[in-house]
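Have the viewer open as you read.

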Amino acid sequence: MDSTVDSVGTDAAPAARAVGVWKVYGTGAAEVVALRDVDVDIASHRFTAIMGPSGSGKSTLMHCLAGLDSVTRGEVWVGGTRLTGLSDAGLTRLRRRQIGFVFQQFNLLPTLTAEENILLPLAIAGRKPDAAWVRTVVNAVDLAPRLKHRPAELSGGQQQRVACARALITRPDVIFADEPTGNLDSRSGTEILGFLRESVRRYGQTIVMVTHDPNAAAYADRVVFLLDGRIVRELFEPTAERIFEQLRHLEPELATGAG
Ligand SMILES: Nc1ncnc2c1ncn2[C@@H]1O[C@H](COP(=O)(O)OP(=O)(O)OP(=O)(O)O)[C@@H](O)[C@H]1O
């Protein structure tokens, strides 16, 4: 495990925060409380993983932190901006400028080349690419020979590397990665996790990743565990073994299966 980052504590202001966040879906008999009074600070220049059993609220928390979903009560901040209360246009602007996304399904535009996909967030924001930074990012994901290829001509791992480069190209306050290795074989998954880890260490990127996989979460500086909409534990400088141990307490059926 790369431990060049001193992962416990940082002087920088959090890159994102949830303060007393509740998320309730539906009403009456159909009501589901997905988040219950969640407080979390996402440290800047750190890699944070969110774990927990299915239905515990991981995706909901990520979507609320990223401004993709509204909260029922409480506040969400990204950088110095309070998301709660922003108009739809304001939220869209903030997502474009301050947030990057990596999805399980890659979500590349099929008609664009790898290079065009990578540069798309800059094009949408009307920003000129910084040639040196583009080169750095493309080399970091080892895609230089594939830039003119379309997604259908790339392997899953290569497509996810394009998606990572696209997320990094604007140097956002936070990159949110939703099961980024969920659709990849283990070798490609390891490459992606190595790249995410490196982007924190070398470029000071902030990353939040939802994952079910203890081996993936072990790349993070910190793992936050959700259960039934609440944050119940956290681990700093985690190992896969310690993460698995925590999950065994949260998921009794996993313990039975493992025993
Ligand atoms: N749009 C929605 N409408 C109603 N209920 C929802 C909606 N989205 C999520 N939920 C419910 O909120 C709870 C939390 O869901 P969420 O998807 O955040 O969990 P998760 O931990 O990401 O699960 P998984 O690991 O299975 O993806 C679940 O009970 C889920 O059924």
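T48 stands opposite R222 in β9. That contact belongs to the parallel pairing of β3 (residues 47-51) with β9 (residues 222-227), which runs over 4 bridges. Keep in mind that this is a predicted model, where local features need pLDDT of at least 70 and side-chain atom pairs count only at pLDDT 80 or more, while totals for chains, interfaces and linings use all residues. Residues are numbered from 1 along each chain as its sequence is written.

**Strands**
- Strands here are DSSP runs of E with at least two residues, helices are runs of H or I with at least four, and both are numbered from the N terminus; two strands pair if DSSP finds at least two bridges between them.
- β9 also pairs with β10 (residues 230-236), this time in the antiparallel sense over 6 bridges.
- L227 has R230 in β10 as its bridge partner.
- The β9 and β10 hairpin has 2 residues between its strands, and D228 takes a positive phi near 55° there.

**Helix α8**
- I243, Q246 and L247 are buried in α8 (residues 240-250), meaning 20 or more other C-beta atoms, placed from the backbone, lie within 10 Å of each one's own.
- These residues sit on the same side of α8 because they cover an arc of only 100° around the axis, taken from the directions from the helix axis to the C-beta atoms.

Technical notes. A residue is buried if 20 or more other C-beta atoms lie within 10 Å of its own, exposed if 12 or fewer, and partly exposed in between; C-beta atoms are placed from the backbone.
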